[in-house]
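This report describes a protein model through its strands, its nonpolar cores and its side-chain pairs. The sequence and the structure are shown first.

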Amino acid sequence: MAEIKRVGVLGCGLMGSGIAQVAAAAGYETIVREVSDEVVQRGIGGIGKQLGKAVEKGKMAAEDRDAIVGRLKGTTNLEDLRDCDIIIEAVVEDLAVKNEMWKTLDAVCGPDTIFASNTSSLTIADMAAATRRPERMVGLHFFNPVPVMKLVEVVKTIATDPAVFDTAFAFAKSLGKEPIVCKDNSGFVVNLLLVPYMMDSIRALEQGVATIEDIDKGMQLGTGYPMGPFVLSDFVGLDTLDKIGDIMFKEYKEKRYASPPLLKRMVSLGYFGRKSGKGFYDYSGEKPVAMKLV
Ligand code: 3HC
């Protein structure tokens with residue numbers, strides 16, 4: 001099996017920074033690419049803060065934190081990822097944006113570099129088709145918060161070389177994750193089932209079935225989910241959820257994937273969830289307070 005030593009990560013937002021953190025923590029030299037120095041610094045600074053909390057709690061030695069941070073580098077130049085053995089993409093859920101990066105990387109990377117996408121809802125084949133290496137493209141789908149959630153969906157397309165898939169699967173395990181094998185269908189396993197649930201929760205709210213708090217409480221206490229659907233939607237990001245809904249609806253033409261009107265209006269108004277301070281809850285005070293939306 002091919003050995004992975006250097007890991008590239010595209011994007012240093014919520015998911016990319018988590019992926020970079022777990023890769024560096026597993027001992028890999030990790031280079032993260034973002035669009036500007038400012039975003040690179042913010043992303044890597046955020047990882048340092050996360051690790052600092054673990055040190056404060058006595059869960060990590062300060063030297064280990066320093067070693068992890070020492071293995072992390074940032075760049076704004078895609079060409080700096082040319083020597084990576086695997087590159088994991090975690091940028092915005094937009095096929096054109098992703099494929100432009102893959103095309104550039106396809107030209108600058110050696111022929112053995114594995115390309116992996118953390119896409120939530122696009123298919124891996126639609127990215128593989130933009131490169132001259134479709135057999136070296138897989139999905140590696142992580143879950144938020146990446147350092148905490150154990151699952152990685154490892155996705156093979158009909159063109160993926162089985163040896164490349166095995167390397168990607170072993171790589172996911174080496175990060176301390178529990179990988180599962182998935183076919184290249186939009187949403188893989190988790191989002192295929194989770195997205196209709198989140199969309200149905202919003203439809204239940206629109207129909208006046210119950211309040212935001214009571215729907216959340218119902219699912220949390222009635223089924224043991226760690227978060228109710230609205231807390232979870234705010235956590236994932238409503239702009240992201242809306243994009244995922246659009247992509248999955250286009251793929252399956254089934255209403256259960258479609259973004260409900262309320263979600264569309266919230267996104268238009270910049271209510272993106274926790275990251276923007278407002279979503280189904282308002283996060284400006286000491287405790288989140290449910291918004292008046294219907
Ligand atoms: N980053 C890193 N670590 C975090 C974190 C974060 N954002 N949030 C919490 N943690 C850590 C804490 O530091 C703590 O660590 P410790 O046990 O070592 O002290 C541990 O996680 C537990 O945190 P808390 O005690 O503060 O809180 P909870 O016990 O409530 O757990 C949670 C927080 C893990 C986020 C839990 O609420 C949960 O599992 N929620 C569901 C998350 C989920 O469903 N994620 C999937 C979203 S879908 C997705 O990502 C797919 C995409 O394609 C849409």
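**Basis of the description**

This is a predicted model, in which local features need pLDDT of at least 70 and side-chain atom pairs count only at pLDDT 80 or more, while totals for chains, interfaces and linings use all residues. Residues are numbered from 1 along each chain as its sequence is written, and side-chain values use heavy atoms, with hydrogens and water left out.

**Strands around strand 4**

Helices (H or I, at least four residues) and strands (E, at least two) are DSSP runs, numbered from the N terminus. Two strands pair if DSSP finds at least two bridges between them. Strand 4 runs parallel to strand 1, and four bridges join the two. Glycine 8 has isoleucine 87 of strand 4 as its bridge partner. Strand 4 is also joined to strand 5 by four bridges, again in a parallel arrangement. Here glutamate 89 has serine 117 of strand 5 as its bridge partner.

In a regular strand the side chains alternate between the two faces of the sheet. In strand 4, Ile86 and Ile88 point one way, and Ile87 and Glu89 point the other way. These four residues are all buried, where buried means under 20% relative accessible area, exposed means over 50%, and partly exposed lies in between (1.4 Å probe, protein chains only).

**Nonpolar cores**

A nonpolar core is a set of buried Ala, Val, Leu, Ile, Met, Phe, Trp, Tyr and Cys residues joined through side-chain atoms within 4.5 Å. Which residues have the most contacts inside the largest core? They are Val7, Ile86, Ile88, Leu140, Phe142 and Phe171, in a core of 33 residues. Among the elements that each supply at least two residues of this core are strand 1 (6-10), helix 2 (37-56), strand 4 (86-89), strand 6 (137-141) and helix 6 (162-174). Helix 1 gives the largest share of this core, six residues.

Isoleucine 86 has contacts (heavy atoms within 4.5 Å) that can be listed individually. Not counting residues up to four places away in sequence, isoleucine 86 touches Ile4, Arg6, Val7, Gly8, Thr113, Ile114, Ala116, Leu140 and Phe171. A second, separate core has 25 residues, including Met198, Phe230, Met248 and Tyr281.

**Aromatic rings**

Rings of Phe, Tyr and Trp (its six-membered ring) pair if their centres lie within 6.5 Å; planes under 30 degrees apart count as stacked, over 60 as edge-to-face and the rest as tilted. The structure holds seven aromatic pairs. In one of them, the ring centres of tryptophan 102 and phenylalanine 115 are 4.6 Å apart and the planes are at 25 degrees, so the pair is stacked. This pair links distant parts of the chain, 13 residues apart: tryptophan 102 is in helix 4 (residues 95-108) and phenylalanine 115 is in strand 5 (residues 114-117). Both tryptophan 102 and phenylalanine 115 are buried.

A charge sits over a ring if NZ of Lys or CZ of Arg is within 6 Å of the ring centre and within 35 degrees of the ring normal. The charged end of lysine 156 sits in this way over the ring of phenylalanine 165, 4.9 Å from its centre.

**Salt bridges**

A salt bridge is a side-chain nitrogen of Lys or Arg within 4 Å of a carboxyl oxygen of Asp or Glu. By this rule the count comes to 11 salt bridges. Three of them are set out in the table.

| Salt bridge | N to O distance |
|---|---|
| Aspartate 106 and arginine 132 | 3.3 Å |
| Arginine 203 and aspartate 200 | 3.4 Å |
| Lysine 264 and aspartate 242 | 2.7 Å |

Aspartate 106 lies in helix 4 and arginine 132 in the loop between helix 5 (124-128) and strand 6, so the pair ties together parts that are 26 residues apart in sequence. Aspartate 106 is buried, at a relative accessible area of 6%, whereas arginine 132 is exposed, at 64%.

Arginine 203 and aspartate 200 both lie in helix 7 (residues 190-206), three residues apart, about one turn of the helix. Arginine 203 is buried at 10% relative accessibility, and aspartate 200 is partly exposed at 40%.

Lysine 264 and aspartate 242 form a salt bridge, and this pair links helix 11 (residues 261-268) with helix 10 (residues 238-252), 22 residues apart. Lysine 264 is partly exposed at 24% relative accessibility, and aspartate 242 is buried at 9%.

**Valine 164**

Valine 164 lies in helix 6 and is buried, with 2% relative accessibility. Not counting residues up to four places away in sequence, valine 164 touches Ile114, Glu135, Arg136 and Val138.
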